[in-house]
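Good morning. Please have the sequence and the model open while I talk. I will go from the chain as a whole to single residues.

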Amino acid sequence: QHYFTVLFGHEGQKPLELRCEDEVDGDEWVEAIHQASYSDILIEREVLMQKYIHLVQIVETEKIAANQLRHQLEDQDTEIERLKSEIVALNKTKERMRPYQGNQDDEDPDIKKIKKVQSFMRGWLCRRKWKTIVQDYICSPHAESMRKRNQIVFNMVEAETEYVHQLYVLVNCFLRPLRMAASSKKPPISHDDVSSIFLNSETIMFLHEIFHQGLKARIANWPTLILADLFDILLPMLNIYQEFVRNHQYSLQVLANCKQNRDFDKLLKQYEANPACEGRMLETFLTYPMFQIPRYIITLHELLAHTPHEHVERKSLEFAKSKLEELSRVMHDEVSDTENIRKNLAIERTIVEGCDILLDTSQTFIRQGSLIQVPSVERGKLSKVRLGSLSLKKEGERQCFLFTKHFLICTRSSGGKLHLLKTGGVLSLIECTLIEETDAS
């Protein structure tokens with residue numbers, strides 16, 4: 001007897017033990033079971049599935065191609081029908097023209113002359129009517145407004161061309177040469193000073209070169225002039241201007257300090273002698289960007305004054321104008337605050353003892369000057385406060401500084417230095433009362 005065992009791959013199924021009485025019969029059973037295993041069936045199924053997917057893809061591709069061909073045939077049928085209708089219309093036109101031409105050849109010469117005169121009259125009347133329409137429009141308020149608007153745009157392009165040239169001179173005749181000089185063996189100026197003097201100048205030049213190219217492209221499309229999208233490009237970059245304006249006064253101070261160096265002053269005069277500068281100094285070129293934003297605001301005001309309310313870009317121009325005005329106000333406030341802080345610090349540095357109250361950023365400088373302190377005089381029960389240790393027998397000159405919160409009184413020494421009065425040199429205006437006496441004596 002011949003045994004064979006069938007083992008199953010999953011748990012829970014006991015092996016199956018089988019036997020045959022004949023060896024040949026047992027071998028045939030084993031071979032048959034081996035050929036009928038599930039793994040072979042899975043492999044065959046996977047091969048068949050791949051073939052099926054491939055055939056489905058082919059069928060889908062053929063369907064898409066068939067749809068495309070069907071649409072092309074429909075379009076060609078439509079085009080054929082359209083061409084047929086055109087041919088029919090042309091044939092009808094030719095049929096109508098033939099008898100007319102035949103009759104025209106047989107017409108009386110007088111009739112031909114009359115028709116020719118009528119043709120000339122119709123042309124003259126048409127030209128006269130068109131001339132009247134054009135003249136009426138030329139004299140209309142709308143045409144006058146459009147002429148003024150176009151002139152404003154042309155002037156804006158000319159001003160932008162000049163401004164880009166000024167920035168080009170600033171960068172190429174001053175910034176880049178000074179930057180090279182700062183890298184020399186014996187630099188007349190440091191890189192930090194160059195950066196302080198020309199902060200953002202090169203970036204502003206690149207920005208306006210792009211803006212200028214956009215303006216020229218718009219002019220090339222005249223009489224259609226759409227400018228609002230150009231300002232949309234310019235508006236996000238205006239924080240560069242904000243930094244330049246905020247730094248302007250400081251840059252002039254750094255330049256003034258650098259001019260005290262003979263080598264730098266001599267080099268700067270060589271640069272200013274360049275024919276491209278046209279006799280203008282570096283300070284002049286540094287001042288030009290300060291006026292550009294107000295110039296744009298004025299231009300937008302003029303443009304809006306001559307732009308109809310239903311115009312396609314009126315809202316965009318109004319938005320650009322409001323943004324520029326807002327930026328101008330912010331820059332003005334920042335410049336005022338910065339200048340006030342620098343003025344306070346400059347006064348604080350001139351006082352030998354220093355003055356801590358001038359470090360208050362909310363304190364605004366009002367005015368300064370020389371005043372004469374007079375001796376105090378008792379009048380009834382009222383006695384004027386004595387300021388300082390100056391003898392009351394004679395008058396004394398005081399250097400006074402008025403701020404929004406304090407009043408400083410200083411004396412000037414023989415060397416020209418300022419000293420706060422030891423007593424009453426710093427008066428708090430919050431604690432003071434101003435009494436104006438009407439008695440002339």
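Predicted model: local features only at pLDDT ≥ 70, side-chain atom pairs only at ≥ 80, totals over all residues.

**From the whole chain to single residues**

I begin with a residue at the surface: Glu278 is exposed, because its relative accessible area is 59%, and the cut-off for exposed is over 50%.

Now the whole chain. How many helices and strands does the protein chain have? The secondary structure comes to twelve helices and nine strands. The chain has 441 residues, and 29% of them count as buried. Take the contacts between residues at least 6 apart in sequence: 61% of these join residues at least 24 apart.

Two stretches carry annotations. The UniProt record, an unreviewed entry, places a "domain: PH" feature at residues 1–38. In the model, that stretch is 37% helix and 26% strand, and its end C-alpha atoms are 28 Å apart. The unreviewed UniProt entry also places a "coiled-coil region" at residues 66–93. Here the span is 100% helix and 0% strand, with 40 Å between the end C-alpha atoms.

Next, a pair of helices. Helix H4 covers residues 141–182, and helix H9 covers 262–272. Their axes come within 10 Å and cross at roughly 145 degrees. The crossing of H4 and H9 is right-handed. Which residues meet there? From H4 they are Cys173, Phe174, Pro177, Leu178 and Ala181; from H9 they are Phe264, Leu267, Leu268, Tyr271 and Glu272. The residues of this contact divide into nine nonpolar, no polar and one charged.

Ser184 sits in the loop between H4 and H5, and its side chain reaches the backbone oxygen of Ala181 at 2.6 Å. Is Ser184 buried, exposed or partly exposed? It is partly exposed, with a relative accessible area of 33%.

Ser251 is in helix H8, residues 239–259, and its side chain reaches the backbone oxygen of His248 at 2.5 Å. Ser251 counts as buried because its relative accessibility is 2%, and buried means under 20%. Setting aside neighbours within four places in sequence, Ser251 is in contact with Ser196 and Ile197.

Asn200 is not a glycine, although it has a positive phi of about 65 degrees. Asn200 is buried, with a relative accessible area of 18%.

Now back to Glu278. This residue lies in the loop between H9 and helix H10, residues 282–287. Glu278 is also a non-glycine residue with a positive phi, near 55 degrees.

Last, a strand. His406 lies in strand E7, residues 406–412. Is His406 buried or exposed? At 15% relative accessibility, it counts as buried. What is His406 in contact with, leaving aside its neighbours within four places in sequence? The list is Ile357, Gln363, Phe401, Val426, Leu427, Ser428 and Leu429.

That is the end of my part.

Terms used
Residues numbered from 1 in each chain as written. Heavy atoms only, no water. UniProt positions renumbered as here; feature names shortened; annotations may be inferred. Helix = DSSP H or I, 4+ residues; strand = E, 2+ residues; numbered from the N terminus. Buried < 20%, exposed > 50% of the residue type's maximum accessible area, 1.4 Å probe, protein only. Axes fitted to C-alpha atoms, helices over the stretch in contact; angles between N-to-C directions. Left-handed = near helix turned anticlockwise from the far one by under 90°. Contact = heavy atoms within 4.5 Å. Nonpolar A, V, L, I, M, F, W, Y, C, P; charged D, E, K, R; others polar. Polar contact = N/O pair within 3.5 Å; in protein donor to acceptor, adjacent residues only side chain to side chain.
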